[in-house]
Protein chains: 2
Amino acid sequence: MTTIKDVAKKAGVSVATVSRFLNDSGYVSADAAKAVTAAVDELKYELNPVARSLNTKKSNLIGLILPDITNPFFPELARAVEDVALTYGYTVVLCNSDENPEKEKNYIETLKKKYIAGFIVTSNQLDAPHYANANVPIVALDRAINDKIPVVSSNNKEGAVIGTNALLERGCRNVLFLRGPEELNPANDRYDGFMEAIRQSDADYQVVTCPFHFADSQKVVEQALQDNPSIDGIFASSDVSAAGALKAAGTIGRQVPDDLQIVGFDGVAMGEMLSPGLTTVAQDVYKMGAVATRVLIKQIENKKIEQSFYEVPVKLVIRGTTRSVAE
Amino acid sequence: MTTIKDVAKKAGVSVATVSRFLNDSGYVSADAAKAVTAAVDELKYELNPVARSLNTKKSNLIGLILPDITNPFFPELARAVEDVALTYGYTVVLCNSDENPEKEKNYIETLKKKYIAGFIVTSNQLDAPHYANANVPIVALDRAINDKIPVVSSNNKEGAVIGTNALLERGCRNVLFLRGPEELNPANDRYDGFMEAIRQSDADYQVVTCPFHFADSQKVVEQALQDNPSIDGIFASSDVSAAGALKAAGTIGRQVPDDLQIVGFDGVAMGEMLSPGLTTVAQDVYKMGAVATRVLIKQIENKKIEQSFYEVPVKLVIRGTTRSVAE
DNA sequence: ATATTATGTGTAACCGGTTACACATTGCAG
DNA sequence: CTGCAATGTGTAACCGGTTACACATAATAT
């Protein structure tokens, strides 16, 4: 392995000069620069990042902390993070937290010892003070930790308004809202959006809380549909719940979309594969990940961050679980 | 930050003794051991992994190279890898290769500079010689690189036999096999399994090659079904393709499972959410990941590896796209 | 002409560990 | 009693970089 000393010798300068040249720090004459470039080329020198880290107490590792990569929301996020990290020369460490604050803390401590450059955090159980005191750049997704930590989030409330109106415009008079867990910020924003939209109409509605789980949602919806046959629209605050609702509708013998319309929230790939295809309020998850990563890298590189709150727009994707709009 | 020197001073011994104690290398007297333990405790000393890496040229990073975490097969794999890595004190670096050999090479080079401990590789385009010469522990998934590199794989051929027989036993007389890309090893094994099973029956069959993509599969199946209405069973070599087939069946007006039965391969979560639920040959993806990681860590820690080929069993999951077996 | 300042470079300390080697001791065999 | 192996410990070199500081020279200001 060729080291900076080899390069220095070959170029006929000191290691300090080589280092200064490579890091573009301090003065280096044109002659020296040329000699070093040549030596680097010839020896195919590549800097050892570990040795550098030991000195600078920095690395180009980014930690991505998320509850569970298995949850269909996260792979795309991870993909986005990895893509932009790669362009900027960073490497992504995957951390599944299971929403467990102990695990999160543990990752933070472990990775800080490796001089991790920063974290992107998606979590709802997160131990806010711990993050606040982590003393390392952080960007949060969907959840404010404190006002120093930038947040990127979908426009959940507006998305819920759009989703609700989609049902209303298509003639729904009694809509069931599948509310997500109350600990989840985004779920609450969606609830607010739903309430705002539904109150501006004269439609009936009811709200049921259920976790973002397929089987649970299916059960809950079956029950609700049996108890109240006049429900003619369901707005689920996640696609997985919507899938559960769709299945429940099938089981009970309700025709979607003729007899019952369904709108989901998230825009995961699965929505397309259902029959009928799921109409949904799609988040631009990739964009969220990309924005979060860029903001994080800006922070890492001490560039100014213009805002501390980034909202990514949301889009209604119409598929088969809703009818066409009555004019 | 407390260093090994602080500990040495506090314990009244030299850094060498501390290091020997911490690494359980060389001789350390009981007295010294006690003093060091106490000092470590008191100072809350934690070893700096970067400094250690610089010396030992080893780290506890594991690289997970896969085509695209967004592909529903991989999150669960990643999860398994991360879980077992964590128990053994390793950290996982996520690498999306897009099946691009250049990207793969690049990751390998970049991470080797960080003294990565080893790689788990899932790829079909992989540059075999490059891996073979990487000079770092590797475990491959689903694809043999050379006989020195252990492989873990599902029992694809047997799975295909089971899946095919599931259709045959349920009365299918004309089955369409959706063959995956020919570059993919597992896809070919599945093809072999299908052929073996179908030839032992007197059923008609046809084979169509199509990528593991929803929309493509849907299109291909629509066409096939229109061209040949006597098809009464479809065996798709991936669940995503099966989902496409199911959708196509719906579009064309075929009743599943009464009129047409479908079996997929993979066992991704989505299968359950479809209506009817997808009968499929489920791989134990989590187990594959876990096995691969354990084998890798054994390699890393220079323990003997018993075998170089690990086959994870596969299981038929019966849901709604197949009928009950006629007695 | 002299004082500053900007430019350019090398030496050596340092980051926080590991480990080769030298130097004790102690125990036991011959 | 001597010799050699086993046990125990410290000093200092080393891993491969970065950077403070000292020093030298050229350019500019006064």
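Q: In which helix does A:Ile162 lie?
A: This model is predicted. In it, A:Ile162 belongs to helix α8 of chain A, which spans residues 156–169.

Q: Is A:Ile162 buried, partly exposed or exposed?
A: A residue counts as buried under 20% relative accessible area and as exposed over 50%. A:Ile162 has a relative accessible area of 25%, so this residue is partly exposed.

Q: Which residues does A:Ile162 touch, not counting those up to four places away in sequence?
A: With those neighbours set aside, A:Ile162 touches A:Val314 and A:Leu316.

Q: How is a pair of packed helices described, and what are the values for α10 and α11 of chain A?
A: Two packed helices are described by the angle between their axes and the distance between the axes. The axes of α10 (residues 214–227) and α11 (residues 239–252) of chain A come within 7 Å and cross at roughly 45°. The two helices are therefore oblique to each other, and their crossing is right-handed. By class, nine nonpolar, six polar and two charged residues make up the contact of α10(A) with α11(A).

Q: Which residues touch the most other members of the largest nonpolar core?
A: That core has 60 residues, and A:Ile69, A:Val152, B:Ile69 and B:Val152 touch the most other members. Beyond four places in sequence, the residues that B:Val152 touches include B:Leu141, B:Met288, B:Val291 and B:Tyr310. A second, separate core has 52 residues, among them A:Ile231, A:Ala248, A:Leu278 and B:Ala236.

Q: Where are the cis peptide bonds that involve B:Pro257 and B:Pro276?
A: One joins B:Val256 and B:Pro257, with omega about 5°; B:Pro257 is in the loop between α11 and β9 of chain B. Another runs from B:Ser275 to B:Pro276, with omega near -10°, and B:Pro276 is in the loop between α12 and β10 of chain B.

Q: What is the phi value of B:Asp98, and what is that of B:Asp266?
A: Phi is positive in both of these residues, neither of which is glycine: near 55° for B:Asp98 and near 140° for B:Asp266. B:Asp98 is in the loop between β2 and α6 of chain B and is partly exposed, at 36% relative accessible area. B:Asp266 is in strand β9 of chain B and is buried, at 11%.

Key: Residues are numbered from 1 along each chain as its sequence is written. Chains are lettered from A and ligands numbered from 1 in the order in which they are written. This is a predicted model: local features need pLDDT of at least 70, side-chain atom pairs count only at pLDDT 80 or more; totals for chains, interfaces and linings use all residues. Side-chain values use heavy atoms; hydrogens and water are left out. Axes are lines fitted to C-alpha atoms, for helices over the stretch in contact, and angles run from 0 to 180 degrees between N-to-C directions. Helices (H or I, at least four residues) and strands (E, at least two) are DSSP runs, numbered from the N terminus. Angles under 35 degrees count as roughly parallel, over 145 as roughly antiparallel, 65 to 115 as roughly perpendicular and the rest as oblique. A crossing is left-handed if the near helix is turned anticlockwise from the far one by less than a right angle, and right-handed if clockwise. Ala, Val, Leu, Ile, Met, Phe, Trp, Tyr, Cys and Pro count as nonpolar, Asp, Glu, Lys and Arg as charged, and the others, Gly among them, as polar. A nonpolar core is a set of buried Ala, Val, Leu, Ile, Met, Phe, Trp, Tyr and Cys residues joined through side-chain atoms within 4.5 Å. Buried means under 20% relative accessible area, exposed over 50%, partly exposed in between (1.4 Å probe, protein chains only). Contact means heavy atoms within 4.5 Å.
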